[in-house]
Amino acid sequence: MYVFDIAAGSKQELYRELASALDALTADEPDAIANMANAAALLWEYLPDLNWSGFYRNVADELVLGPFQGKAACIRIPFGKGVCGAAASTLETQRVEDVHAFPGHIACDAASRSELVVPIVHDGRLLGVLDLDSPSPARFDAEDAAGCEMLMQRLAPRIAGA
């Protein structure tokens with residue numbers, strides 16, 4: 001059983017605390033799915049104003065739904081389609097203030113208004129993406145993007161075996 005006391009005063013402090021918690025949850029666990037599941041749950045619990053937190057895995061150059069918290073989601077996303085597909089094809093974090101203004105947005109949950117998608121790369125190989133959705137417009141800022149990128153850099157070697 002893990003108990004975390006994450007009561008950060010700033011976003012930088014919040015992401016440092018989340019990194020420590022993520023390390024505690026995943027450092028000695030070799031199973032990629034278990035590590036993604038705990039990471040999704042950790043972000044769901046401690047990042048405010050989310051309506052979805054989870055992963056899409058790169059399976060034969062297609063994004064396939066992985067562990068998540070939230071409503072049922074789209075199962076397969078082609079590279080280049082929607083926000084997740086854009087992150088997968090460009091290997092660049094996508095921070096979208098208004099998903100309705102994003103060309104080709106895939107609406108798995110009509111309540112989502114903003115989205116942050118971070119590609120997870122290890123040894124030059126795309127493993128998948130972290131996908132965070134919020135019902136609030138412009139929920140994610142540059143600090144959220146940097147914090148999630150740092151978390152995914154830590155997580156990448158712990159899911160590389162999947």
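This is a predicted model: local features need pLDDT of at least 70, side-chain atom pairs count only at pLDDT 80 or more; totals for chains, interfaces and linings use all residues.
## Basis of the model

Local features need a pLDDT of at least 70 and side-chain atom pairs count only at pLDDT 80 or more, while totals for chains, interfaces and linings use all residues. Residues are numbered from 1 along each chain as its sequence is written, and side-chain values use heavy atoms, with hydrogens and water left out.

## Overall fold

The chain contains four helices and six strands, taken as DSSP runs numbered from the N terminus (helices H or I, at least four residues; strands E, at least two). Along the sequence these elements follow the pattern α-α-β-β-β-α-β-β-β-α.

Of the 162 residues in the chain, 46% are buried, where buried means under 20% relative accessible area, exposed over 50% and partly exposed in between, with a 1.4 Å probe and protein chains only. The C-alpha atoms fill a box of roughly 40 × 35 × 25 Å along the principal axes.

## Cysteines

The structure holds zero disulfides, a disulfide being a pair of cysteine sulfur atoms within 2.5 Å. Cys-148 is in no disulfide, and the nearest cysteine sulfur, that of Cys-84, is 13 Å away. Cys-148 is buried at 0% relative accessibility, and Cys-84 is buried as well, with a relative accessible area of 4%.

## The loop residue Glu-97

Glu-97 lies in the loop between strand 4 (94-96) and strand 5 (114-122), and with 48% relative accessibility it counts as partly exposed. Leaving aside neighbours within four places in sequence, Glu-97 is in contact (heavy atoms within 4.5 Å) with Arg-113, Ser-114, Pro-137 and Ala-138. Glu-97 and Asp-141 are 44 residues apart in sequence, and their C-alpha atoms are 8.7 Å apart in space.
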